[in-house]
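Thanks for coming. Please have a look at the model on the screen, and then I will go through a few parts of it.

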Amino acid sequence: MRTPADIEQLILKVGLGDRNAFSTLYDATSAKLFGVCLRILNNTAEAEDAVQEAFVRIWQKSHRYGMTGNSPMTWLITLTRNLAIDRLRARAPRTADLGDVPDMRDPGPTPEAAAIAASEAARIGSCLDELEAPRADAVRGAYLKGESYQELAARHGVPLNTMRTWLRRSLLKLKDCLSR
Amino acid sequence: MTATDERRDDDIALAGEYALHLLDADERRAFEERLAREPDLRALLGEWEEHFAGLSAEIASVAPPRHLKPAIEQRLFAAAKPARPRRSRIWLLGGLLTAAVLVLAFVALLPPSRPAGPAYVAEVAAEDRSLVVAARFDPVRGTLAVDRLAGGAAENRVLELWLIAEGAAAPVSLGVLPADPQAEIALAGEIIGLMAGGTLAISDEPPGGSPTGQPTGAVLAVGALSTL
């Protein structure tokens with residue numbers, strides 16, 4: 001039960017109130033989604049709350065999944081990431097890394113990762129490589145860690161408006177590459 | 001570069017910023033208002049979300065602590081009926097017996113049909129049984145007989161019947177249930193081919209049925225199709 005079609009089937013069943021499907025969907029995807037929350041929130045307790053909220057939302061919103069047009073893992077990840085970032089933005093200025101989270105670099109392929117189209121991962125990776133390293137790093141930081149313009153500007157030592165101009169230009173280049 | 005290109009570029013960057021969660025609260029709200037009425041912008045955002053989700057492959061999976069799953073299920077499912085926490089099994093048994101009786105009743109009441117492909121039956125029921133519809137597919141006539149045994153549409157609303165085929169991306173509408181409790185719905189040939197392993201569902205919709213072709217209101221009742 002790991003292909004995108006399997007995950008999609010589970011989401012559709014969850015949309016119809018199928019609790020068994022919800023349980024299976026949780027088993028199949030919670031590790032990936034917890035990983036996403038941990039990376040953004042960098043705090044285990046908060047990540048637990050966020051992933052819990054995400055699955056409540058998945059239960060409530062899955063009947064609308066078909067309308068979004070997203071692939072199933074994208075739908076789950078986008079929903080979860082948005083909740084985690086809302087939580088991140090709502091808290092006081094970012095605390096220093098707490099050190100209670102292990103290194104989140106992927107140690108290797110995981111079963112869940114197979115459900116994210118490998119081609120999509122390779123495409124965005126190679127298109128990011130076409131950008132200058134600091135700019136690719138800014139896009140990665142914004143997506144993976146939920147860094148704000150303020151945080152990105154501070155980390156790269158540039159004024160906020162410069163960072164925004166940088167990033168918007170990077171997005172256009174990226175889109176250009178991704179559309180090829 | 002023309003003005004149209006510039007505007008398009010602006011939207012590409014804006015949708016990317018939105019997907020990354022880089023916009024401030026006001027910009028976010030303004031973007032969401034545009035999203036609601038601009039399909040092109042929704043498509044742009046969808047593309048970004050799909051691209052960026054590819055980056056999630058860089059994130060390691062970490063199994064959440066074991067207590068989390070029961071906590072979520074407790075939060076979602078236990079709160080729904082706190083008044084009868086211990087009767088659920090008995091209730092379930094009752095439901096199954098009722099379903100079995102219903103299926104038997106159908107078999108007994110309907111005239112035997114010539115074999116022409118499998119006959120499917122489903123009991124499409126709400127969890128609290130506030131809405132129960134028995135459905136039986138007649139393979140000879142290509143029609144679905146529905147019998148609404150309990151419940152009905154809310155005032156100024158209708159009930160719409162859906163088929164969720166196994167492996168399908170989205171439900172297919174079988175039409176709005178008529179006001180009469182008993183009715184027959186003619187099914188197109190391609191829909192009949194989707195019934196094996198499928199599920200029927202009923203959603204609450206505005207008069208005339210879902211305007212989008214997909215369920216827009218609450219899914220009120222569900223039931224798996226099985227062969228007789």
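Contact here means heavy atoms within 4.5 Å. Buried means under 20% relative accessible area, exposed over 50%, and partly exposed in between, with a 1.4 Å probe and protein chains only. Helices (H or I, at least four residues) and strands (E, at least two) are DSSP runs, numbered from the N terminus.

Two notes on the source. This is a predicted model, where local features need pLDDT of at least 70 and side-chain atom pairs count only at pLDDT 80 or more, while totals for chains, interfaces and linings use all residues. Residues are numbered from 1 along each chain as its sequence is written, chains are lettered from A, and side-chain values use heavy atoms, without hydrogens and water.

I start with helix H4 of chain B, residues 68–78, where Leu68(B), Lys69(B), Ile72(B), Leu76(B) and Phe77(B) are buried. Why are they on the same side of H4(B)? Because they cover an arc of only 135° around the axis, taking directions from the helix axis to the C-beta atoms.

Next, the cores. A nonpolar core is a set of buried Ala, Val, Leu, Ile, Met, Phe, Trp, Tyr and Cys residues joined through side-chain atoms within 4.5 Å. The largest has 77 residues, and Phe52(B) is one of those touching the most other members. H2(A) gives the largest share of this core, 12 residues. Another core, of 24 residues, lies apart from it and includes Ile202(B).

Last, Leu220(B) sits in strand E8 of chain B. Leu220(B) is partly exposed, at 33% relative accessible area, and among its contacts is Ile202(B).

Key:
Lists of a residue's contacts leave out its neighbours within four places in sequence.
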